[in-house]
Amino acid sequence: MPSTVVGEFLGTMILLLLGNGVVANVLLTDTKGHGGGWIVITAGWAFAVMSGGMVAVALGAPGELNPAVSIANVVTGVYPLATGFAHVGAQMLGAMLGATLVWLHYLPHWTRTTDQGLILACHCNAPAVRAPLPNLVAEVIGTAVLVIVAGAIGARGVLGATPATNVGSFLVGCLVWGIGLSLGGPTGYAINPARDLGPRIAHAVLPIAGKGGSDWGYAWIPVLGPIIGACCAASLWARLT
């Protein structure tokens, strides 16, 4: 098992703790941040990506925090299949732990929140308009943008002209903020299978007060869409560069 799995595990845990934490702060009843809105949520997720990425990189991991990116790296030959599997497993476990910590952190607020849809939204995604094919396409596009622009952030030409070597995680966080603001409306921009599936599993198994179903009929879209988008974008970027 590669040593990078610890970084991917802890980085993804931070990602989900802060990312789903801001959603809970905005949506759950009687929190200090209740009603903060979409700008607060997208900004919180941007800082979550930045924070998780820095933790992962500091521990020697690539800071992918995203099974779709790990799978794309296997497909494009960045590293072997065994490393990809190890990263995906670490990311999924980290995501589940992060979601569990959000549940504990906001423990008194679940019983005060009567809308089961809001409780589910604190864990995983749901579309604004339920239309499977357009929802899938939206996840493909959003993830493709993530992979291509993240590749540009680390490109030699950019590194030579900007301080991207020192603030790469910050720039990727800004990228995710932009994706959320511009492309997040249709599906809530999972763009990461671990971000959706790990907390969805946590929602299903945790004794969360007042929860409903975990909407497993939709769960395949924020898994398959990001994988397709990441693999296509990574393959295209590898050919262009």
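A residue is called buried when its relative accessible area is under 20%, exposed when it is over 50% and partly exposed in between, using a 1.4 Å probe and protein chains only. The model described here is predicted, so local features need pLDDT of at least 70 and side-chain atom pairs count only at pLDDT 80 or more, while totals for chains, interfaces and linings use all residues. Residues are numbered from 1 along each chain as its sequence is written, and side-chain values use heavy atoms, leaving out hydrogens and water.

The structure holds 2 aromatic pairs; rings of Phe, Tyr and Trp (its six-membered ring) pair if their centres lie within 6.5 Å, and planes under 30 degrees apart are stacked, over 60 edge-to-face and the rest tilted. Trp-38 and Tyr-189 make an edge-to-face pair, at 5.9 Å centre to centre with 70° between the planes. Trp-38 belongs to helix H2 (residues 38-58) and Tyr-189 to the loop between helix H9 (164-183) and helix H10 (193-205), so this pair ties together parts 151 residues apart in sequence. Here, helices (H or I, at least four residues) are DSSP runs numbered from the N terminus. Tyr-189 is buried at 6%, whereas Trp-38 is partly exposed at 37%.

Helix H2 also carries Phe-47, which pairs with Trp-177 of helix H9 and so ties together parts 130 residues apart in sequence. The ring centres of Phe-47 and Trp-177 are 6.1 Å apart and their planes stand at 55°, so the pair is tilted. Phe-47 is partly exposed at 44% relative accessibility, and Trp-177 is partly exposed at 28%.

Just after H2, Gly-60 takes a positive phi of about 90°.

How values were computed
Helices (H or I, at least four residues) and strands (E, at least two) are DSSP runs, numbered from the N terminus.
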